[in-house]
Protein chains: 2
Amino acid sequence: MASGGVGEEVLRNKQVMLRDYVSNGFPKELDMYVTTNTVKLKVPEGSNGVLVKNLFLSCDPYMRGRMKPPTQAIYMDSFTPGSPISGLGVAKVLDSGHPNFKRGDLIWGLTGWEEYSLITVTESLFKIHNTDVPLSYYTGILGMPGMTAYVGFYEVCSPKKGEYVFISAASGAVGQLVGQFAKLLGCYVVGSAGSKEKVDLLKNKFGFDEAFNYKEEPDLSAALKRYLPEGIDIYFENVGGKMLDAVLVNMRINCRIAVCGMISQYSLERPEGVHNLMNLILKQARMEGFMVPNYYHKYPEFLNLVLPYIKEGKIVYVEDIAEGLESSPAALVGLFTGRNVGKQVVMVARE
Amino acid sequence: MASGGVGEEVLRNKQVMLRDYVSNGFPKELDMYVTTNTVKLKVPEGSNGVLVKNLFLSCDPYMRGRMKPPTQAIYMDSFTPGSPISGLGVAKVLDSGHPNFKRGDLIWGLTGWEEYSLITVTESLFKIHNTDVPLSYYTGILGMPGMTAYVGFYEVCSPKKGEYVFISAASGAVGQLVGQFAKLLGCYVVGSAGSKEKVDLLKNKFGFDEAFNYKEEPDLSAALKRYLPEGIDIYFENVGGKMLDAVLVNMRINCRIAVCGMISQYSLERPEGVHNLMNLILKQARMEGFMVPNYYHKYPEFLNLVLPYIKEGKIVYVEDIAEGLESSPAALVGLFTGRNVGKQVVMVARE
Ligand SMILES: NC(=O)c1ccc[n+]([C@@H]2O[C@H](COP(=O)([O-])OP(=O)(O)OC[C@H]3O[C@@H](n4cnc5c(N)ncnc54)[C@H](OP(=O)(O)O)[C@@H]3O)[C@@H](O)[C@H]2O)c1
Ligand SMILES: NC(=O)c1ccc[n+]([C@@H]2O[C@H](COP(=O)([O-])OP(=O)(O)OC[C@H]3O[C@@H](n4cnc5c(N)ncnc54)[C@H](OP(=O)(O)O)[C@@H]3O)[C@@H](O)[C@H]2O)c1
């Protein structure tokens, strides 16, 4: 499909568009559609953007908030119906108007859900220097979710050896890593997840001390009492709602709750009520929310910690890789029913 | 009514008894009754307790929890039906089996709701050294509620000059002091309370920048937006429930919520649901519970700060003093309908 001279190539560009805003309810595959446009493989004259070929796209729970109408958006601006959605991804630079990036560079950061993207906001792009690990890892353990686990656990939880740690959505992109950090520190670690397969992963692959399937527990508080009879020192909160209420009645004195996410609430018209907050007083507990972008200055320090762990096999990482851009709507909405096993990635192209 | 030799005096001892446990609903005057027993004004042979004459009794919201049946008790053990209830108070030592206390000493701490008490647990009694302030202050500004304001504000809120502070139940024993501490530090301070009279006190006596009657605000979030259009940096939480939900949507980035109490919830069978906790993430906010008894080692440091403020008139304190033990049931239950204006005290006897 080349046309014009070198670097003026025009190619077909498959794109994933939002059909319409999704206020409430689970998002569905049909809320997005795949279409084909064209792209010029060159940064426009005078722009300091970069033109990239997308390799891996990251499916992240916060994207649910971007599907809502602008008045209800959470975290970030809403997507625009009829335009390609955007998200984090790993990409290769094909052309660059920016002095820090050159053709051939690998980057991760905010890109479009399409084959090729012109990225004009380059401030939040990270250059990838270590390529002796799977490139897809930069959507997960070596990207935003990895940093989330790192700052959420080490900065917000104030963890100490020997403490009792509980993690919800524990087999996911963030949770599996929090659990492994906690084990490396010498904590007792319990996780919850939504299937037998995930529970097995937690216990047999990620080294959690115990794990349970929350969908099979009619009484979450009783389940927590069973697996953590001494109570909980640290709760890494990924889901919100009833699980949070159950944790609140199972806290130990000085419990810390790192409020990372509340995925069970993202699609509800009105969030569920949480009833047991009085326990924060009784247990002198701290509950603290955080947003990973505020900690990106720690990314180099994070890589220094995690890359050796990966190479030495002290930390493992499970990904769920969907093949091809066409599979991305299903992959994204699958987060909200727990279809993903480990970090949900979409492979758009091989390098 | 004296009988026997010196120090063996037997006197009538009026006592306030709990009639029966009060599971749910507002406590009522009739849940207690006043009866008369006798007391020997001497510490039993071999005991290291102290025998005191009670001067002032403190009505405190946590006492609601002690009226519940043992299975539902909050904070402390339940009272025993048919026995005198206990609480904090100011008393004079009449006889002592304890080396640290002698006849004539003034103390504050846990005592009985009666004219004379034999206190056998003396570890938590404080000796009163400064008597150039009203003695009743040791139930309030110079006692447990004062310490609560002090540690809650300075230790839990991490306050900074210029920050926007909101306090609920602001005219009460704790709230009026938190507000004045915040003003002394140079914060902008807004309080809510349940009557016009209390709102006037807040603005005209305690120097709050703004105050509002929450009972006249159908939309608490709108009220907060009106009085704190820039949002809230610090919330001193005394009431819980709907007010907390309204604060959660009006937080500034890095907001801190000191969870001191949730009085609106103490009489409910099931606490209300709080819906807006997701904002903890969006605003990277911290919510932290605390219990004042854990900070009593700071009491001397606290007195050094507050006594001069009182003497220089930089801090004022409003008390609501009910006269006579007979008035104590009504005074106590009045806390839960907001009958008290300022710190609720019962005067049992003049020194
Ligand atoms: N604060 C931040 O800066 C930040 C950054 C990144 C992520 N987060 C948050 O961290 C959490 C985890 O993200 P992630 O990327 O690691 O996602 P993930 O765990 O890989 O995927 C989402 C998982 O959530 C679980 N889930 C979905 N609906 C649920 C429900 N109703 N109740 C309980 N669990 C449910 C599912 O697992 P099951 O099969 O176990 O149900 C699903 O696989 C999310 O809440 C996300 O928003 C926050
Ligand atoms: N964590 C600790 O260590 C500790 C120590 C001491 C006290 N506390 C807590 O601090 C809070 C204040 O105690 P305090 O001694 O200063 O009591 P207080 O404010 O002097 O008296 C209680 C006041 O609460 C208000 N109130 C009652 N029911 C309410 C409702 N449903 N909604 C809103 N406000 C209501 C009333 O004032 P209005 O007229 O304004 O409604 C009432 O006057 C309480 O929650 C208490 O449990 C905690």
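**Aromatic pairs**

The structure holds 34 aromatic pairs over all chains. This is a predicted model: local features need pLDDT of at least 70, side-chain atom pairs count only at pLDDT 80 or more, and totals for chains, interfaces and linings use all residues. Residues are numbered from 1 along each chain as written, chains are lettered from A and ligands numbered from 1 in written order, and side-chain values use heavy atoms, without hydrogens and water.

Q: Why is the pair of Tyr299(A) and Phe302(A) called tilted?
A: Rings of Phe, Tyr and Trp (its six-membered ring) pair if their centres lie within 6.5 Å; planes under 30 degrees apart are stacked, over 60 edge-to-face, the rest tilted. Here the centres are 6.1 Å apart and the planes 35° apart, so the pair is tilted.

Q: What separates Tyr299(A) and Phe302(A) along helix α8?
A: They are three residues apart in helix α8 (residues 299-311) of chain A, so about one helical turn separates them. Helices are DSSP runs (H or I, at least four residues), numbered from the N terminus.

Q: Why does Tyr299(A) count as buried?
A: Buried means under 20% relative accessible area (exposed is over 50%, partly exposed in between; 1.4 Å probe, protein chains only). Tyr299(A) has 5%, so it counts as buried.

Q: What makes Phe302(A) buried?
A: Its relative accessibility is 0%, so Phe302(A) counts as buried.

Q: How do you know that Tyr150(B) and Phe302(B) form a tilted pair?
A: Their centres are 5.2 Å apart, with 55° between the planes. The pair ties together parts that are 152 residues apart in sequence, because Tyr150(B) lies in helix α2 and Phe302(B) in helix α8 of chain B.

Technical notes. Helix = DSSP H or I, 4+ residues; strand = E, 2+ residues; numbered from the N terminus.
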